[in-house]
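Here's a quick tour of a protein with a ligand. Have a look at the fold before reading on.

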Amino acid sequence: MGELAPDNWHLVAGGWWPTASPTALSLTSGPLYTQDSMIDSALIPPGLEAEALGALASAADEAAIEAWRVQWLGRQDGRLTALLRSVKEQPVESRAAFGAAANELKRKLESALADRNEAIRKEALRELSTSAALDVTLPGRPQAIGRLHPVTQTMRDIVKAFEEMGFRVAEGPEVEWDRYNFDAARIPEDHPARDMWDTIWVNTLIDGKRSMLLRTHTTPNQIRVMERTPEPPIRVIVPGKCYRQEATDATHEWMLTQIEALAVGEGVRMSDLKGVLYGMARKLFGNDRKIIFHHSYFPFVEPGVEMAMDCFICRGSGSDCRTCHGTGWIEILGAGMVHPEIIDKAGYDSSKHTGFALGIGVERVALLRWGIEDIRHFYQNDLRFLAQF
Ligand code: FA5
């Protein structure tokens with residue numbers, strides 16, 4: 001379109017439109033009129049359709065197409081919208097024909113817009129598949145789904161077994177005071193029993209003394225729980241990590257997980273302790289595994305026992321099995337009746353209240369469950385090992 005108005009046309013919404021004069025309608029037709037168009041060029045400015053379609057064809061991306069849509073079909077200021085609005089200004093005798101022609105043009109432009117959008121989308125996909133050498137028809141890569149560490153799984157199963165027997169769960173600190181880890185458990189300084197736990201100390205002196213350590217067992221939580229409980233009954237378990245300066249081997253790690261269990265009340269007996277241990281073992285291993293109790297010494301219980309299960313590697317035969325060190329058994333926990341002195345120190349009356357306590361090694365239980373021959377696999381973070389559980 002030129003700057004000067006052709007005869008009988010006026011400027012509407014950025015384009016030239018026939019004037020409302022009936023004579024004008026018969027006078028307009030021109031070189032821009034497209035042969036295949038069904039749109040009457042006597043009513044709609046010649047070249048308008050060609051101009052719109054030409055602009056659409058040269059819109060090369062989604063943003064340009066959107067700009068075109070707003071310019072031509074936009075509800076507010078679209079050129080075609082303005083054309084349609086101008087229908088009511090047309091003389092009555094040509095109004096219907098004008099409206100039909102304008103609507104026909106609108107339909108054409110909308111259809112051309114849809115085609116152009118589709119063409120651009122296909123072109124983008126084609127480009128992506130060649131330029132990025134991406135085969136969009138390939139199935140997606142499966143996502144690796146994480147899972148709980150086998151020691152965590154085992155810990156949760158033991159906790160659940162105890163919860164089903166009426167125990168509640170408590171927590172205690174991993175960095176512990178000497179007096180909870182040892183003194184309150186009847187292991188004073190220079191007591192030979194301290195050698196049973198090769199301790200990792202925190203390098204902080206209080207009154208010139210090492211007083212803080214990484215707890216060597218979960219037993220200090222027996223004391224912490226009793227301190228917080230004015231009156232028995234108590235039925236509690238305390239799971240958590242412990243640390244020892246160990247020379248590691250197939251069944252010993254320097255970091256281990258224990259679950260402490262404590263039951264205090266009137267008339268609690270050794271047979272209750274054995275009942276709880278059999279209950280737990282049956283839940284975790286079924287009825288087939290063999291269990292053995294040995295007498296053992298722990299300063300905080302009297303009497304004390306250790307519970308072991310038949311070795312899954314040598315099937316209990318011993319010989320030169322490196323997992324059970326030839327004994328045929330793998331020890332999984334220490335236990336016993338809470339020492340009366342500890343009951344009394346907690347403010348209870350040991351002539352009335354008795355209790356049992358036990359400390360399970362969770363990694364050992366996990367070894368037995370899955371027949372793993374070396375405890376050190378657990379913390380080497382080798383996914384080929386961990387992904388099996
Ligand atoms: C104790 O730690 C006592 N506190 C247990 C106890 C609690 C006895 C309450 C009586 C009453 P012991 O050092 O034996 O005991 O350890 C208990 C269990 O932890 C062992 O049976 C074993 O299963 C596990 N365990 C001990 N040391 C290690 C280690 N280095 N690596 C892996 N597991 C271990």
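This is a predicted model: local features need pLDDT of at least 70, side-chain atom pairs count only at pLDDT 80 or more; totals for chains, interfaces and linings use all residues.

The protein has 389 residues, and 32% of them count as buried. If you take the contacts with a separation of 6 or more, 62% of them link residues 24 or more positions apart.

| Strand pair | Sense | Bridges |
|---|---|---|
| Strand 9 and strand 10 | antiparallel | ten bridges |
| Strand 12 and strand 13 | antiparallel | eight bridges |
| Strand 13 and strand 14 | antiparallel | five bridges |

Strand 9 covers residues 234-243, and Cys242 has Leu256 of strand 10 as its bridge partner. Asp310 is opposite Trp329 in strand 13, while Leu333 is opposite Ile360 in strand 14. As for side chains, in a regular strand they alternate between the two faces of the sheet.

Eight of its ten residues are buried, so strand 13 is largely enclosed by the rest of the structure. Strand 13 pairs antiparallel with strand 12 and also with strand 14.

**The ligand site**

Which residues come nearest to the ligand? There are 25 residues around the ligand, and the nearest are His217, His252, Gly334, Gly359 and Gly361.

The shell draws on several elements of the fold. Strand 10 (255-266), strand 12 (301-310), strand 13 (329-338), strand 14 (353-361) and helix 11 (362-370) supply at least two residues each. Which of the strands gives the most to the shell? That would be strand 13, with six residues. So the strand that is largely enclosed by the rest of the structure is also the one that gives the most to the ligand shell.

How does the shell split by class? It has nine nonpolar, nine polar and seven charged residues.

Definitions and conventions. Residues are numbered from 1 along each chain as its sequence is written. A residue is near a molecule or strand if its C-beta atom, placed from the backbone, lies within 6 Å of it. Helices (H or I, at least four residues) and strands (E, at least two) are DSSP runs, numbered from the N terminus. Ala, Val, Leu, Ile, Met, Phe, Trp, Tyr, Cys and Pro count as nonpolar, Asp, Glu, Lys and Arg as charged, and the others, Gly among them, as polar. A residue is buried if 20 or more other C-beta atoms lie within 10 Å of its own, exposed if 12 or fewer, and partly exposed in between; C-beta atoms are placed from the backbone. Two residues are in contact if their C-beta atoms, placed from the backbone, lie within 7 Å. Two strands pair if DSSP finds at least two bridges between them.
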